[in-house]
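Me: Please take a close look at one part of this model, namely the aromatic side chains. Then carry on to the elements around them, in one connected answer.

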Amino acid sequence: MDLPPGCMVSEKQCQKVCKLKKSLYGLKQSPRTWFGRFTKSMRVFGYRQSNSDHTLFLKKQHGKITTFIVYVDDMVVTGNDPKERKALQNYLSREFEMKDLGPLKYFIGIEVSRSSEGIFLSQRKYALDLLQETGMSGCQPVNTPIEEGLKLCVEPNQVSTDKGRYQRLVGRLMYLAHTRSNLVYALSVVSQYMHSPGEQHMNAVMCILRYLKNAPGKGILFAKNVDHQSIEVYTDADWAGAVDDRRSTSGYFTFVGGNLVTWKSKKQNVVARSSAEAEFRGMTLGLCETLWLRLLLQDLGYLSRQPIRLFCDNKVACDIAHNPVQHDRTKHVEVDRFFIKEKLDDKIVKLPKIRSENQLANILTKSVSSQVFSKFLDKLSMCNIYAPT
């Protein structure tokens, strides 16, 4: 660090610099230094850092568990040991400047509410503030975040739009995907054109905002369920759906104990030569996520002995997964095929049959009608917490 202005030094010392004993706020390494200091303090107090999620800390003693997860300097503490929670609070107060905000109600923009049905998560205030800032509070609402059958692309003579505004809007909308899995596919599409957005791309973003106006308080419900060891994943892929490069889009929903916990919609890195090849890559993506969830549950004390149920509606892909015969149409996904086959042989995963109309991940890979969209949202436990009167 350069010497601060006004520091009186001799001419021989004018080339010297200051050595920092602690990281200053605003420097690039500040977050890393802060988290290292925090992790060291927690280990001294007897907490173990999870290997599945390094921001998760756990302490098990006398058959009870206390856990907390940290995001920068915000923290959520939970567990079934009240004495340990109080001791942790006292320890943190001694080590750091800390404020106890009481029961969890609001965390990094996510609203938390409880009822007899379970725990509700939503971002209603964030969505309303976004609509207010963009001047869309009085817009005409729509029933889907993206028009049915819409295919965006980069046109040679497209009408340009404000690139900075487009990027800010997409960035702010992407934060809503923490509790709004129904926005994931639409955001996956519009985020692919951040470098050169056109008028048609901005119209697609405005469509997402109009969908928010339809139900700004829509969130996700975690219902009470004692079967925490049940893990399910729905995977799907839209073959060659991208107009610009003909790449496929993969998507998955994962459920633990019947509750939706993670989701993703992403364009694949390579072009698939067949729908089975695209499905294999989607299956592998979803299976890797559920294997991570399995390890995370094991850290929390729930050792799942039930096989993961992976739902894929592509019969060819499922048949080849059980019997990986080598031929020209599948040699491009050889690693994925053997990865899935290995988990099948070890009884870690099984592939139940599912019909296409029951494939929940369908809305993560393509734009569908409002009727189909609403039907799938009902199955995903998406509910409007703050229903308008």
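Aromatic pairs and their setting

Reply: Tyr126 has a relative accessible area of 16% and is therefore buried, since buried means under 20%. The model is a predicted one. Tyr175, at 24% relative accessibility, counts as partly exposed, because that class runs between the 20% limit for buried and the 50% limit for exposed.

Phe45 and Tyr47 are both buried. Tyr126 and Tyr175 make another aromatic pair, a tilted one, with 5.3 Å centre to centre and 55 degrees between the planes. Tyr126 sits in helix H3 (residues 124-133) and Tyr175 in helix H4 (residues 163-175), so their pair ties together parts that are 49 residues apart in sequence.

Phe45 and Tyr47 also take part in one aromatic cluster, whose members include Trp34, Phe35, Phe38, Phe57, Phe68, Tyr91 and Phe96. A charged side chain is found at Phe45: Lys59 lies over the face of the ring, at 4.6 Å from the ring centre. Another such arrangement involves Lys375, which lies over the face of Phe376 at 5.2 Å from the ring centre.

Five strands form an open sheet with mixed pairing, in the order E11-E10-E9-E12-E13. Strand E11 (259-267) and strand E13 (349-350) are the edge strands, and each pairs on one side only. Strand pairing in general runs through backbone hydrogen bonds, in a parallel or antiparallel sense. Strand E10 (residues 249-256) pairs with E11 in the antiparallel sense, over eight bridges. Gly251 stands opposite Ser265 in E11. Helix H7 (residues 275-299) packs on this sheet, where it touches strand E9 (231-238), E10, E11, strand E12 (308-311) and E13. The direction of H7 makes about 155 degrees with that of E9.

Terms used: Residues numbered from 1 in each chain as written. Predicted model: local features only at pLDDT ≥ 70, side-chain atom pairs only at ≥ 80, totals over all residues. Heavy atoms only, no water. Buried < 20%, exposed > 50% of the residue type's maximum accessible area, 1.4 Å probe, protein only. Phe/Tyr/Trp six-rings, centres within 6.5 Å; stacked < 30°, edge-to-face > 60°. Helix = DSSP H or I, 4+ residues; strand = E, 2+ residues; numbered from the N terminus. Lys NZ or Arg CZ within 6 Å of the ring centre and 35° of its normal. Pairing = 2+ DSSP bridges. Contact = heavy atoms within 4.5 Å. Axes fitted to C-alpha atoms, helices over the stretch in contact; angles between N-to-C directions.
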